[in-house]
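Please look over the sequence and the model before reading on, and keep both at hand. The report below goes through selected places one after another.

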Amino acid sequence: MRARRALLYTPGDDPHKINKAANLEVDSICLDLEDGIAINRKTKARETIVDLLPELDFGRSERLVRINPIGSSLIEEDLDAICPIKPDGILLPKVVSGEHVEWVADRISKLEKQSNLPEGSIILIVIIESALALVNLKEIATASTRVEALIFGAEDLAVDLGAERSKSGWEVFYARSAIVTHAVAFGLQAIDLVNIDFKDLDNLRFSARQGAKMGYAGKQVIHPDQVHPVQEAFTPSDEQIIEAKKILDEFYKHQESGRGAFALDGKMIDAPIVKSAQSIIQRAKAAGKV
Ligand code: COA
Ligand code: MG
């Protein structure tokens, strides 16, 4: 699966910001049709994306579009307009059930056929942002093979819960943990919450590192200044890569001589530590670092 260390939202009705996003070297760009767009700009946003997405050079960035949710009366028109211009993927907000995912996946299949696109070429990423979605995580995560990642929508979830957001985020910690756990259980990526205070880069770095330590593959961002610190936090450091390579070299040597567990620099190395080292190398490769 491709690296999605930072996923940058850019309003779909703003050509200046879309052009800017295309030059930021960010792993994923998500052109927004949903909550970042005023109701009276929805059509304009759809038209702007239809004009720009096929024409603009997005470099190595993934091109995603966030559509409006099921029940919004905008979703059919969003899908009908966006699928034929071949985005890399669709972000589906406010999902609450596996049925929601199946309905969208089926509609994408039909549109792929009509546009002569290979079946499954447009991937789906779903946003978990309500109490009901959390309770139904398993059926949502397994509803379609099109789904590649689960996104944690902390702000909407807090509203739904009647929770008050705090800097530490303890009030949404159960959700943050449940989402990454379900993603990993079903072979998906998990993408962590947005830090809306985009001027506070120290808190952003802390939050990104915390997400990475929990197992998240990346984080949503809303401002260009957030891209680099977040991508850095989700890329294994040089020290981690050197250490992982050393563990793997020693592991292969010890396997040949028939020893499972062994000591390295005063620490016991066995299967989970080896898997962790392999995962560091994989993430470094996905980020283009090895
Ligand atoms: N994508 C691309 N470019 C962006 C951007 C984004 N998300 N956010 C800001 N920029 C650009 C600005 O246009 C500006 O460009 P310029 O220097 O060429 O004029 C530059 O980055 C600096 O922006 P700044 O002036 O600091 O911010 P702003 O006041 O223009 O915008 C926000 C602040 C929050 C409105 C803006 O960051 C934004 O729209 N973010 C995304 C919101 C969104 O999509 N929300 C829904 C998902 S949670
Ligand atoms: Mg939301």
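Two residues are said to be in contact when heavy atoms of theirs lie within 4.5 Å. The model described here is a predicted one, and the values that follow were computed from it.

**A helix residue and its surroundings**

E112 belongs to helix α4, which covers residues 98-114, and, leaving aside its neighbours within four places in sequence, E112 is in contact with L117, P118, E119, G120, S121, I122 and R146. Is E112 buried or exposed? Buried means under 20% relative accessible area, and because its relative accessibility is 0%, E112 counts as buried. The C-alpha atoms of E112 and P84 are 7.1 Å apart in space, although the two residues are 28 residues apart in sequence.

**Two residues with polar side-chain contacts**

T48 sits in helix α2, residues 42-55, where a polar atom of its side chain lies 2.7 Å from the backbone oxygen of K44. T48 has a relative accessible area of 7% and is therefore buried; once its neighbours within four places in sequence are left aside, T48 is in contact with G12, D13, P15 and I18.

S130 is placed in the loop between β5 and α5, and a polar atom of the side chain of S130 lies 3.1 Å from the backbone nitrogen of A133. S130 also counts as buried, at 13% relative accessibility, and its contacts, again leaving aside neighbours within four places in sequence, are with V95, V96, L157 and D160.

**The magnesium ion**

Which residues coordinate the magnesium ion (ligand 2)? The ion is coordinated by E129 (OE) and D156 (OD), at 2.1 to 2.2 Å. E129 lies in the loop between β5 (123-128) and α5 (131-135), while D156 lies in helix α7 (residues 154-161), so the pair ties together parts that are 27 residues apart in sequence. E129 counts as buried, at 6% relative accessibility, whereas D156 is partly exposed, with a relative accessible area of 28%.

**The largest pocket**

About 900 Å³ of space lies in the largest pocket. Among the elements that give two or more residues to its lining are α8 (173-185), β7 (189-192) and α12 (271-286), but the largest share, five residues, comes from α9. The lining is made of 33 residues, of which G215, Y216, A217, S279 and R283 lie nearest the centre of the pocket. By type, the residues of this lining divide into 17 nonpolar, eight polar and eight charged.

Most residues other than glycine have a negative phi.

| Residue | Phi | Place | Relative accessibility |

Methods: Residues numbered from 1 in each chain as written. Chains lettered and ligands numbered in written order. Predicted model: local features only at pLDDT ≥ 70, side-chain atom pairs only at ≥ 80, totals over all residues. Heavy atoms only, no water. Helix = DSSP H or I, 4+ residues; strand = E, 2+ residues; numbered from the N terminus. Buried < 20%, exposed > 50% of the residue type's maximum accessible area, 1.4 Å probe, protein only. Polar contact = N/O pair within 3.5 Å; in protein donor to acceptor, adjacent residues only side chain to side chain. Donors = N, O, S within 2.8 Å, 3.2 Å for Na, K, Ca; no water. 1 Å grid on protein atoms, 1.4 Å probe; cavity = no way out; pocket = protein on both sides within 12 Å on 5 of 7 lines; lining within 4 Å. Points joined across faces, edges and corners; volume = space filled by probe spheres on them. Nonpolar A, V, L, I, M, F, W, Y, C, P; charged D, E, K, R; others polar.
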